[in-house]
Amino acid sequence: MTTESLVNTQFKSDKENFYMRHHAIQSLATAAEKREHYKQRVLGPATLWDRLMSLKDVNDESDADLEGMTQLGHALQTANAIANDGQDEDWIIIGLIHDLGKIMQAAGEKPEFVVGDVYPVGCQFGRKIVYYAYLQANPDWNHPVYSTKYGIYEPECGLMNVIMSFGHDEYIYQIFKDKLPYELLWMVRHHSFQSVADDYVHLMTKEDKELRESHMRKFMAYDLYTKDKYNAGGHKLKYYEEIVKRRFPEPIEW
Ligand SMILES: [Fe+2]
Ligand SMILES: [Fe+2]
């Protein structure tokens, strides 16, 4: 697979317009509703490998750094960095699947409920949230409970008990939650949260803080700083195909 075949030269991202729409629609009510909807596995059965390959037709409008690189190319960039760093097979699988929730977009879901950074809903919005000012259009902006520091949560309740704005992180966590080690699942569930995590330390447990250091920061280096086109080659594709088909040979409900 050539690098050129992994790039959609027609695609243009529009990050600001995307977050304007995202912040107006992602409330506690809508995020919880989407979470419940996709828990029903509404996309139906397919093998993991087929789902991965379908990412060749998906681009992420919230990500200007990819410059037209498809989500299949980005999955390979991330997995290549992980493999080159000598990480084990579970990590390589995480690299391949971390953005696979973006298949929701190909199935007709609004990008506002699929891509972009995530943050807790049901409590005060953190000032580090990208395009923070657009949150004034959010239904929860002036809510008497949801606009307070803790909102519906208890101090140090733990990120695994927080409802995040809905997106591909939560989707893929739900699909794989019994299939991979807990620490890696924690990481994939929060991989779009890192940029605002400092605003929500009061909701984190000791475990969250430890996993943030030991896993999330490491993963960010593989996910965010590998978007160079030359890193996207499919030269390890056969190797990944062998791993994925051996570990997940049967169709999965998506
Ligand atoms: Fe992502
Ligand atoms: Fe990613």
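Is the crossing in which H8 passes H9 left-handed or right-handed?

Analyst: H8 passes H9 in a right-handed crossing; the term means that the near helix is turned clockwise from the far one by less than a right angle, anticlockwise being left-handed. This is a predicted model, in which local features need pLDDT of at least 70 and side-chain atom pairs pLDDT 80 or more, while totals for chains, interfaces and linings use all residues. Residues are numbered from 1 along each chain as its sequence is written, with chains lettered from A and ligands numbered from 1 in the order in which they are written.

Two packed helices are described by the angle between their axes and the distance between the axes. The axes of H8 and H9 (residues 206-224) come within 10 Å and cross at roughly 60° (axes are lines fitted to C-alpha atoms over the stretch in contact, with angles from 0 to 180 degrees between N-to-C directions). That makes H8 oblique to H9, since angles under 35 degrees count as roughly parallel, over 145 as roughly antiparallel, 65 to 115 as roughly perpendicular and the rest as oblique. On the H8 side, the residues that meet H9 are Glu183, Trp186 and Met187; their partners in H9 are Leu211, His215, Met216 and Phe219. Contact here means C-beta atoms, placed from the backbone, within 7 Å.

H8 (182-189) also packs against the buried residues of H7, as do H2, H5, H6 and strand E2. Eight of the nine residues of H7 (168-176) are buried, so H7 is largely enclosed by the rest of the structure (buried means 20 or more other C-beta atoms within 10 Å, exposed 12 or fewer, partly exposed in between). Among the buried residues of H7 are Tyr171, Ile172 and Tyr173. Leaving aside neighbours within four places in sequence, Ile172 is in contact with Val188, as well as with Ile97, His98, Leu100 and Gly101. Ile172 is also one of the four residues, with Ala79, Ile92 and Leu96, that touch the most other members of the largest nonpolar core, which has 55 residues (a core is a set of buried Ala, Val, Leu, Ile, Met, Phe, Trp, Tyr and Cys joined through C-beta atoms within 7 Å).

H5 (89-97) is the next element to consider. Seven of its nine residues are buried, so H5 is largely enclosed as well; Ile92 and Leu96 are among the seven. The cover over the buried residues of H5 includes both H8 and H9, along with H3, H4, H7 and H10. H5 packs with H10 at an angle of about 100°, the axes being 11 Å apart, and the two are therefore roughly perpendicular. In that packing, Glu89, Ile92, Ile93 and Leu96 in H5 meet Tyr240, Ile243, Val244 and Arg247 in H10.

Buried residues make up 39% of its 254 residues. Of the contacts with a separation of 6 or more, 80% join residues 24 or more positions apart.

Key. Helix = DSSP H or I, 4+ residues; strand = E, 2+ residues; numbered from the N terminus. Contact = placed C-beta atoms within 7 Å.
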